[in-house]
Amino acid sequence: LDRPRKHSMKQCYGTPRKVQVLKLVTYNCQSLAHGCSRLQELAEDLFAVNASVAGFQGTRWKAGEPRSEWPIRSRVGKTLFHVFSWGRPSNNTMLGVQLLVSHSLLLHAHVHTRFDPPRGLRGRLGGVRLVSREGWHGNG
């Protein structure tokens with residue numbers, strides 16, 4: 001595969017804008033139920049390849065709330081990713097999804113909206129909308 005390049009594109013009002021490279025990884029981990037150590041190991045591997053966003057399916061994490069969020073740090077305490085987790089419902093232990101958004105990406109963007117699934121789809125999907133901090137004035 002060729003290395004991705006930045007491409008110039010025009011917005012609808014005519015000003016040129018650079019499209020940043022976004023490395024997205026999706027992984028059916030089949031279980032993260034053994035605690036944070038496996039998640040931390042995966043986060044360190046993703047950080048090593050400079051991944052921007054990772055989506056994990058089949059985490060099997062229990063859900064006290066429809067969504068939970070926390071930072072994940074390396075073994076030396078450096079913040080690597082921010083985790084958005086939609087855990088499994090009690091009636092299906094195979095579900096659970098997580099999004100890991102790199103800390104470096106969140107330095108240039110903020111979470112505008114969180115998408116929580118309806119009750120019948122808990123543990124099957126979730127999402128976030130990130131908006132660039134550049135030129136943001138609170139109206140998204």
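In this predicted model, the side chain of Arg 88 comes to 3.1 Å from the backbone oxygen of Arg 60. Arg 88 sits in the loop between S6 and S7. Its relative accessibility is 12%, so Arg 88 counts as buried, the cut-off being under 20%.

**The loop between S6 and S7**

- Beyond its neighbours within four places in sequence, Arg 88 is in contact with Arg 60, Trp 61, Lys 62 and Ala 63, as well as with Thr 93, Leu 95, Gly 96 and Gly 123.
- Asn 92 also belongs to the loop between S6 and strand S7 (97–102).
- Asn 92 has a relative accessible area of 24% and is therefore partly exposed, as this value falls between 20% and 50%.
- A polar atom of the Asn 92 side chain lies 3.0 Å from the backbone nitrogen of Met 94.
- Between Asn 92 and Arg 122 the C-alpha to C-alpha distance is 9.9 Å, with 30 residues separating them in sequence.

**Nonpolar cores**

- The largest nonpolar core holds 16 residues, and Leu 32, Leu 39, Leu 46, Phe 56, Phe 81 and Leu 100 have the most contacts inside it.
- Two or more residues of this core come from each of helix H1 (36–48), strand S4 (53–57), strand S5 (68–73) and strand S6 (79–86).
- H1 supplies the largest share of this core, with 4 residues.
- Another core, of 9 residues, lies apart from this one and includes Trp 86, Val 101, Leu 106 and Val 128.
- Leaving aside neighbours within four places in sequence, the contacts of Leu 100 include Leu 39, Ala 43, Leu 46, Val 53, Phe 56, Phe 81 and Val 83.

**Chain as a whole**

- The protein chain has 2 helices and 9 strands, and from the N terminus its elements follow the order β-β-β-α-β-β-β-β-α-β-β.
- Of the 140 residues in the chain, 32% are buried.
- Of the contacts between residues at least 6 apart in sequence, 59% link residues at least 24 apart.
- The accessible surface is about 9500 Å², and carbon and sulfur atoms account for 53% of that area.

**Confidence**

- Mean pLDDT for the protein chain is 82, and 79% of the residues reach 70 or more.
- Over residues 8–13 pLDDT stays under 50, and the model has 9 contacts beyond four places in sequence for this stretch.

Notes: Residues numbered from 1 in each chain as written. Predicted model: local features only at pLDDT ≥ 70, side-chain atom pairs only at ≥ 80, totals over all residues. Heavy atoms only, no water. Core = buried A, V, L, I, M, F, W, Y, C linked by side-chain atoms within 4.5 Å. Buried < 20%, exposed > 50% of the residue type's maximum accessible area, 1.4 Å probe, protein only. Contact = heavy atoms within 4.5 Å. pLDDT = per-residue confidence, 0-100. Polar contact = N/O pair within 3.5 Å; in protein donor to acceptor, adjacent residues only side chain to side chain. Areas by Shrake-Rupley, 256 points an atom, 1.4 Å probe, with all protein chains shown as cover.
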